[in-house]
Structures are given as structure tokens and as C-alpha cells.
Amino acid sequence: MLSLPFYLHPIPEVKHKDFNFEPQEIKYYMLHKPTLVIGVSRNPDRYANMAVRALKMHGHPVYALGREDFLYDDISVHSLWENIPQVHTITLYVKPEHQR
């Protein structure tokens, strides 16, 4: 049996006494909150690139920041913060030596 990566699984239905949103409301919220992925490179095997593909595949608005400007999977990768609009979530995939 082939197991899917965690980012390809459907959103589970959540039932909790303090959490009364319907799954379609959760999906609407998630689809309208842009995510910035930091650490995108030209190497498609990098985790940052996998995150960009997964977010895009699930319909999330995604922006990418890397060390150079280029186009990855129809998404512009920017090298300057000034080119990134306001986002809701930031994910970081950067080696420790590049974080300095």
C-alpha cells in the first residue's frame, strides 16, 4: 500500500465542543490566507520547493523567497523582501549557515 505524504492528505473533519466550524469554512479561511515560503531554490528536491508545490496543488495562495529571482512552477521566486506582499503565514526552509 502506497502512503501519501502528510501534505497530500485531505483536511480531516474536526469535531470539538469549542471548535464549531464546518470543513468548508476551514477550507475557505485557508484558501484566502497567503503563505510565504522562504528558502526556495532551483532544486526541486528541496523541502521548500515541495512545500510550494503542495500549497499550490491545494489551491493556497503562495509566495516564494530565495537567494535569486527566477520562476519556479509558475510562481515567481523573489530575492528581495520588498517584492513580497502582505502574507498570513511564513514557512522557513533555510540551512543554519544561511540564516546568519
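A nonpolar core, as the term is used here, is a set of buried Ala, Val, Leu, Ile, Met, Phe, Trp, Tyr and Cys residues joined through side-chain atoms within 4.5 Å. Buried means under 20% relative accessible area, exposed means over 50%, and partly exposed lies in between (1.4 Å probe, protein chains only). The model you are looking at is predicted, so local features need pLDDT of at least 70 and side-chain atom pairs count only at pLDDT 80 or more, while totals for chains, interfaces and linings use all residues. Residues are numbered from 1 along each chain as its sequence is written, and side-chain values use heavy atoms, with hydrogens and water left out.

Let's start with the sheet. Helices (H or I, at least four residues) and strands (E, at least two) are DSSP runs numbered from the N terminus, and two strands pair if DSSP finds at least two bridges between them. Strands of a sheet pair through backbone hydrogen bonds, either parallel or antiparallel. Here, five strands make an open sheet with mixed pairing, in the order S3-S4-S2-S1-S5. S3 and S5 (89-92) sit at the edges with a single partner strand each, so one side of each has no neighbour in the sheet. On average, neighbouring strands are turned by 30° against each other, direction ignored. For such angles, axes are lines fitted to C-alpha atoms (for helices over the stretch in contact), and values run from 0 to 180 degrees between N-to-C directions.

Now walk along the pairs. S1 (residues 35-40) runs parallel to S5, joined by four bridges, and Thr-35 has Thr-89 as its bridge partner in S5. S2 (residues 62-66) and S4 (residues 75-78) are also parallel, with two bridges; there, Ala-64 stands opposite Val-77. S3 (residues 70-72) pairs with S4 in the antiparallel sense over three bridges, one partner pair being Tyr-72 and Ile-75.

The hairpin of S3 and S4 has two residues between its strands. Asp-73, in the loop between S3 and S4, has a positive phi near 55°, though it is a residue other than glycine. Asp-74 lies in that loop too, and its phi is also positive, about 65°, although it is not a glycine. Asp-73 is partly exposed, with a relative accessible area of 35%, while Asp-74 is exposed, at 66%.

What packs on the sheet? Helix H2 (residues 47-57) does, touching S1, S2, S3 and S4, and its direction makes about 150° with that of S1. Contact means heavy atoms within 4.5 Å.

That brings us to the largest nonpolar core, which has 12 residues, among them Val-37, Leu-55, Phe-70 and Val-77. S1, H2, S2, S3 and S4 each supply at least two of its residues, and H2 gives the largest share, with four. Val-77 touches residues including Val-40, Ala-64, Phe-70 and Tyr-72, not counting those up to four places away in sequence.

On a 1 Å grid over the protein atoms alone, a pocket is an open set of points where a 1.4 Å probe fits, with protein on both sides within 12 Å along at least five of seven lines; lining residues have an atom within 4 Å of a point. The second largest pocket holds about 270 Å³. Of its 15 lining residues, the closest to the centre are Gly-39, Val-40, Gly-66, Arg-67 and His-98. S1 gives the most to this lining, with three residues.

Technical notes
Grid points are joined across faces, edges and corners, and a volume is the space filled by probe spheres set on the points.
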